[in-house]
Amino acid sequence: MHRTGELYGQFKTLDQQKETATLGMWIFLVTEILFFGGLFLTYTINRHQFPTAFGIAGNMLSLPLGFANTIVLIASSFTMAMSVWSAQTSRKKAIVVWLIATLVLGGVFLGVKVKEYKDKFDHHLVPGYHFDITYCRNNPSACGLSGKALDDEKKEVDEAIKVEKEYAQQQGFADPATTGMAAVNAHAQLYFSLYFGMTGLHALHMIVGAGLLLYLILEARKGRFDANYNTPVENIGLYWHFVDIVWIFLFPLLYLINRHLV
Amino acid sequence: MSENGHHVVSPKIYATILAALLLGTYITVQAAKIDLGPWNIVLALTIAVTKMTLVILFFMHGKYSPRRTQLVIISGFFWLAIMLGLTLMDYGTRHPEPSRSANPSAILTHRV
């Protein structure tokens, strides 16, 4: 890795060298688009197939936490953009400050995500043997549900069970009530598998991004980046913005689609 | 343009984009609470695509990048469109999937 901004033999100018690095970063990001694209495609198909279970499962996510995290991540994209600007204008102290702000916001995002994951774990919504979509409906105090939130939860879960029971009856299955319940649980688990898979992969990208930011902060403190040489800030910035874009789609698709039914 | 030939986007533009993104986030959350039927998802995705476009054009300097880089960016979405488009076309034109239940016997019945 070149660190000082010297001109390498295969390039004519520093400009060309920098453009090439940025082009390479974009090619990597294109592979990332397709990587996440496959997951979005899987989600779309399954959501279309099991709209009821996906709808009620999606409404079990915390909208305030998801909304707050979206704001935090967008703000971190802004601070990252400001780091790039500081580097381009040789503001060596400001680069460090903006990078640290970005790292802190990234940390806040991951912290909120941990809280969300823990809640899902406590509410028996992690796919596996203990998964139970009716857990919060039947143990509202354990989930902190009361009043309208509890009514909504009951209404939704009961509606989903009813839909699947009717389907089972229509198909002439032996035990429609049990089959219906099993179907709701199975399809809701599919939703939560995708939820954990997609947000987990996104969080993994954030963790990698945090490591890259740490590297940038250490380098920036040595005064390495200025108007002539800022390729690492620019390219890691591109990566950070890409991760933000993924969340811009994850948030509405996972949290928002069926909110109007509540 | 700075002396080294790269466009420097001003903090003013970055702040404007930040405000637009936050506004978009607020609108998408409020709109999700209103029942628009099938248009809920359309509106949510339209806002998301708009936000993404702003991030790419300004935060990621797509607007100021050389043509070559812009071509690579567009190609990414072109490949994505192929993957999404052709796969969804396949799902959309198949017979309705029968196995909506977890009951394995149900799946067997419908395979006939």
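**A walk through two chains**

A:V157 touches A:I56, A:I133, A:T134 and A:R137, leaving aside residues up to four places away in sequence. Touching, or contact, is defined by C-beta atoms, placed from the backbone, that lie within 7 Å. This is a predicted model, in which local features need pLDDT of at least 70, side-chain atom pairs count only at pLDDT 80 or more, and totals for chains, interfaces and linings use all residues. Residues are numbered from 1 along each chain as its sequence is written, while chains are lettered from A and ligands numbered from 1 in the order in which they are written.

Stay with A:V157. It lies in helix α6 (residues 147-170) of chain A. Helices (H or I, at least four residues) and strands (E, at least two) are DSSP runs, numbered from the N terminus. Is A:V157 buried or exposed? A:V157 is buried, because 22 other C-beta atoms lie within 10 Å. The cut-offs are 20 or more such atoms for buried, 12 or fewer for exposed, and partly exposed in between. A:V157 and A:V184 are 27 residues apart in sequence, yet 8.7 Å apart in space, C-alpha to C-alpha.

A:A53, A:A57 and A:Y191 have the most contacts inside the largest nonpolar core, which has 81 residues. Helix α8 (residues 231-256) of chain A gives the most to this core, with 18 residues. Such a core is a set of buried Ala, Val, Leu, Ile, Met, Phe, Trp, Tyr and Cys residues joined through C-beta atoms within 7 Å.

Next comes helix α4 (residues 92-122) of chain A. Its 31 residues should span 45 Å at 1.5 Å a residue, and its end C-alpha atoms are 46 Å apart, which agrees. The expected span is 1.5 Å times one less than the number of residues. Buried residues of α4(A) include A:W98, A:L99 and A:F109. The buried residues of this helix pack against α3 (63-88), α7 (176-221) and α8 of chain A. Just after α4(A), A:H124 takes a positive phi of about 60°.

Now turn to chain B. It has four helices and zero strands. Of its 112 residues, 24% count as buried.

Where do the chains meet? 46 residues of chain B are in contact with 47 residues of chain A. On the chain B side, α3(B) gives the most, with twelve residues.

Notes:
Contact = placed C-beta atoms within 7 Å.
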